[in-house]
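Here's a quick briefing for anyone opening this one for the first time. Take a look at the sequence and the structure, then read on.

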Protein chains: 2
Amino acid sequence: MYTIQDVSKKTGLTAHTLRYYEKEGLITGVERSQGGIRQYTDEDLERLGLIRCLKNTGMSIQEIARFVQLTHEGDHTLEERVELLREHRERVLERMAEMQEHLDKVTWKLNFFTEKLRAYQEKETKKAK
Amino acid sequence: MYTIQDVSKKTGLTAHTLRYYEKEGLITGVERSQGGIRQYTDEDLERLGLIRCLKNTGMSIQEIARFVQLTHEGDHTLEERVELLREHRERVLERMAEMQEHLDKVTWKLNFFTEKLRAYQEKETKKAK
DNA sequence: ATCGGATTTAGAGTTGACTTTAAGTTGAAG
DNA sequence: CTTCAACTTAAAGTCAACTCTAAATCCGAT
């Protein structure tokens with residue numbers, strides 16, 4: 001059993017964010033102590049693991065909530081879940097290819113400026129003589 | 001010379017967004033007709049090209065504005081500009097590595113669910129007999 | 001038993017990046 | 001010359017994803 005702070009440390013999400021995720025239906029059924037304090041299990045941590053992967057690859061809170069809801073509805077939603085993950089995967093691959101392309105242009109510009117800087121510094125050195 | 005609509009079509013940014021970018025200092029010195037209407041040049045388009053690359057690789061509006069401002073200050077800011085691009089490039093590479101890692105986990109989960117779906121469908125088929 | 005730092009809630013506030021609105025102006029086509 | 005879609009501005013509105021606040025409760029340590 002982990003407190004919200006333990007989980008915060010393990011996941012890098014703040015306690016605020018963890019409560020927010022719960023409110024939004026991303027992580028459900030977290031146990032409470034008799035006093036109402038959250039007690040996360042290892043299973044909760046694992047579920048948070050998948051959530052973080054989806055989040056970090058750009059899935060929206062809403063879409064993740066949808067996925068989690070389908071999971072609770074049982075095996076008859078397996079097809080829809082597979083479809084959802086497949087589409088997400090496609091989108092991420094596209095996004096990454098696009099980023100790579102744009103990053104290449106940035107790299108090109110960087111090299112260009114680096115060369116320009118070299119020339120400028122040489123000129124300044126001469127001037128100083 | 002291009003109107004804001006022409007540029008919108010060429011870049012995929014809306015006319016609204018182009019004006020917003022101008023207000024935020026991302027694209028400066030766009031010419032105007034005697035009546036005050038924007039007239040973009042090929043050079044403006046090229047500058048927008050770099051802006052789009054930075055934007056698409058996750059640089060914030062503010063940071064791009066900073067970069068553009070440095071550009072206007074002349075060659076003595078070359079070193080800072082190179083540093084800025086270099087750091088951005090590093091961040092993007094890290095981000096992409098992280099995304100790839102998380103995507104791998106999603107792919108793993110997807111395969112897991114696909115197999116589970118196959119088993120489920122087989123069970124349903126038997127039941128139907 | 002009591003102290004104080006962590007936890008709880010509902011709800012308000014923030015941030016970044018647009019996006020829309022309102023009210024007025026411009027300019028190519030008929 | 002008129003028309004009317006496209007342009008202009010400043011400012012308000014939207015959206016996602018947090019982030020913070022206040023006021024109350026919890027609980028491990030002295």
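How many salt bridges are there between chain A and chain B? The count is 0, though 4 residue pairs are in polar contact there. Keep in mind that this is a predicted model.

**Where chain A meets chain B**

- Contact between the chains involves 36 residues of chain A and 36 residues of chain B.
- Together they bury about 3,800 Å², with 77% of that on carbon and sulfur atoms.
- On the chain A side, Met96(A), Met99(A) and Phe113(A) lose the most area to chain B, together 15% of what that side buries.
- Two elements of chain A give two or more residues to this side: helix H3 (42–56) and helix H5 (78–128).
- H5(A) gives the most, with 28 residues.
- By class, this side of chain A splits into 17 nonpolar, 9 polar and 10 charged residues.

**Around DNA strand D**

- DNA strand D is surrounded by 19 residues, and the closest are Tyr21(A), Ser33(A), Gln34(A), Gln5(B) and Arg38(B).
- Arg38(B) uses a backbone N or O atom instead, 2.8 Å from a phosphate oxygen.
- Helix H2 (15–23) of chain A and helix H1 (4–11) of chain B each give two or more residues to this surface, and H2(A) has the largest share, 4 residues.

Definitions and conventions:
Residues are numbered from 1 along each chain as its sequence is written. Chains are lettered from A and ligands numbered from 1 in the order in which they are written. This is a predicted model: local features need pLDDT of at least 70, side-chain atom pairs count only at pLDDT 80 or more; totals for chains, interfaces and linings use all residues. Side-chain values use heavy atoms; hydrogens and water are left out. A residue is near a molecule or strand if one of its heavy atoms lies within 4 Å of it. A polar contact is a pair of N or O atoms within 3.5 Å; within protein, one must be able to donate a hydrogen and the other to accept it, and residues adjacent in sequence count only if both atoms are side-chain atoms. Contact means heavy atoms within 4.5 Å. Buried area is the accessible area (1.4 Å probe) that two parts lose on being put together, summed over both. A salt bridge is a side-chain nitrogen of Lys or Arg within 4 Å of a carboxyl oxygen of Asp or Glu. Ala, Val, Leu, Ile, Met, Phe, Trp, Tyr, Cys and Pro count as nonpolar, Asp, Glu, Lys and Arg as charged, and the others, Gly among them, as polar.
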